[in-house]
Amino acid sequence: MEIIKYPERTAWAALSVRPSLDVTGLFDTVRTVLQEVQQEGDTAVRRYGEKFDQVTLSSLLVTEEEFWEADRLVAEELKQAIRTAKANIEKFHASQRFTGEKIETTPGVTCWQKAVAIEKVGLYVPGGTAPLFSTVLMLAVPARIAGCKEIVLCTPPNREGKVHPAILFAAQESGVSTIVKAGGIQAIAAMTYGTESVSKVYKIFGPGNQYVTAAKQLVSLKEVAIDMPAGPSEVEVIADETAHPAFIAADFLSQAEHGADSQSILVTTCEALIPEVEAAIWEQLEQLPRKEITKKSLENSRIILLKDQQEVIDFTNQYAPEHLIIQTADYGQIADRIENAGSVFMGAYTPESAGDYASGTNHTLPTNGYAKAYSGVNLDSFIKKITFQEITPEGIQQLGETIRVMAANEQLEAHRNAVTVRLHTL
């Protein structure tokens, strides 16, 4: 873990670099899998499941019996936690519903928008080192609220061909239509092109490893929409002398345990805080079961001491963190000045874990500086907006000459004529 004191602004760009991988080198491998799934369907998906996940499947789809088995295996305590989180996620995302208003822009000219759910969406939930049932909730709940007619979820099975029971329980609670036992490139390919078992979808959501990221990037060029560019997860903490070192350390480590390529950053103007946070990090680290992964992530992590609050805010807006935790006396004032962040956690008692699981906000967020231009997943992510307009005879008389002049000056005579022929009838 690096400690950098009073870096010049010219060094900020280098300090904002994430441990992300350039996935373009994987494109040849990814293209091969995409093409074979497109051509061979389920056969190719199963073949690559054997190759990459070491599992042989007779069917790609989760059966009713497996849902029942999962329901028995999930502890009641976890079921209740999932239901509580789901209720909060529902409440927050339902509040984002769009209500279009008809606007008369000129007398007789009325324009409006209608929100329409994307009919078929695909959700990717990684297997990896932990069962991410929380991601099921974060993606499936807003998809259902939006009104998506078909929600397909792909997730890799274990070597016995089973999907983790908590993922199945969360999927059933959230209204997922179909669960497919497939991970990696082949899962993205199946949802992109459709197979005998998997419906072709119109937009794909969800995090994944470098191969999944590369596959999503490639298919998004012309085949299907995706949620956002994605990379390793990250957190920035802004803290002052009032902050709790143990809280900062806990937030650092909760982010770091996501994976060896995660990144945690502390930005502060209080030099005395730094050794206290360091000590708390190493003390808490020893208690963690995922200690080795977390240690590797800490190698990508930094503590940065800056001169004043303005530098802290400017650096943060340049870094554009996926998660931003503000533990300062005036956290509300600082939060108001943040322009680039995926999700902001305000005050000492608001850990990132709350947003990851159960407060109601979405945890699928832009990484690697994309918060400068992208929002996290929200209800609008599952919706398209269609514009409508209606023009009366009075309206075309009011606006017609404006259209005719503009069309003529763009040398598009047919556009001009489409108005002219209507005006001649009035």
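Is Glu-413 buried, partly exposed or exposed? At 46% relative accessibility, Glu-413 counts as partly exposed; buried means under 20% relative accessible area, exposed over 50%, and partly exposed in between, with a 1.4 Å probe and protein chains only. The tour returns to this residue at its end.

This is a predicted model, in which local features need pLDDT of at least 70 and side-chain atom pairs count only at pLDDT 80 or more, while totals for chains, interfaces and linings use all residues. Residues are numbered from 1 along each chain as its sequence is written, and side-chain values use heavy atoms, with hydrogens and water left out.

**The whole chain.** Display the chain as a cartoon. It contains 17 helices and 14 strands; helices (H or I, at least four residues) and strands (E, at least two) are DSSP runs, numbered from the N terminus. Of the 426 residues, 48% are buried. The C-alpha atoms fill a box of roughly 85 × 60 × 45 Å along the principal axes.

Select residues 103–106 and 109–117, which are strands E2 and E3; they run antiparallel and are joined by three bridges. Two strands pair if DSSP finds at least two bridges between them. Ile-103 has Cys-111 in E3 as its bridge partner. In this hairpin two residues lie between the strands, and Gly-108 takes a positive phi near 90 degrees.

**Thr-364.** Select Thr-364, in the loop between helix H15 (352–357) and strand E14 (383–391). This residue is buried, with a relative accessible area of 9%. Beyond its neighbours within four places in sequence, Thr-364 is in contact (heavy atoms within 4.5 Å) with residues including Met-138, Asp-227 and Val-377.

**Salt bridges.** The whole structure holds 19 salt bridges, each a side-chain nitrogen of Lys or Arg within 4 Å of a carboxyl oxygen of Asp or Glu. Select Arg-302 and Glu-2, whose closest N and O atoms are 3.0 Å apart. This pair links distant parts of the chain, strand E11 and strand E1, 300 residues apart. Arg-302 is buried, at 11% relative accessible area, whereas Glu-2 is partly exposed at 41%.

Finally, select Glu-413 and Arg-416, which form a salt bridge with closest N and O atoms 3.1 Å apart. The two residues are separated by about one helical turn because they are three residues apart in helix H17 (residues 413–423). Arg-416 is partly exposed, with a relative accessible area of 24%.
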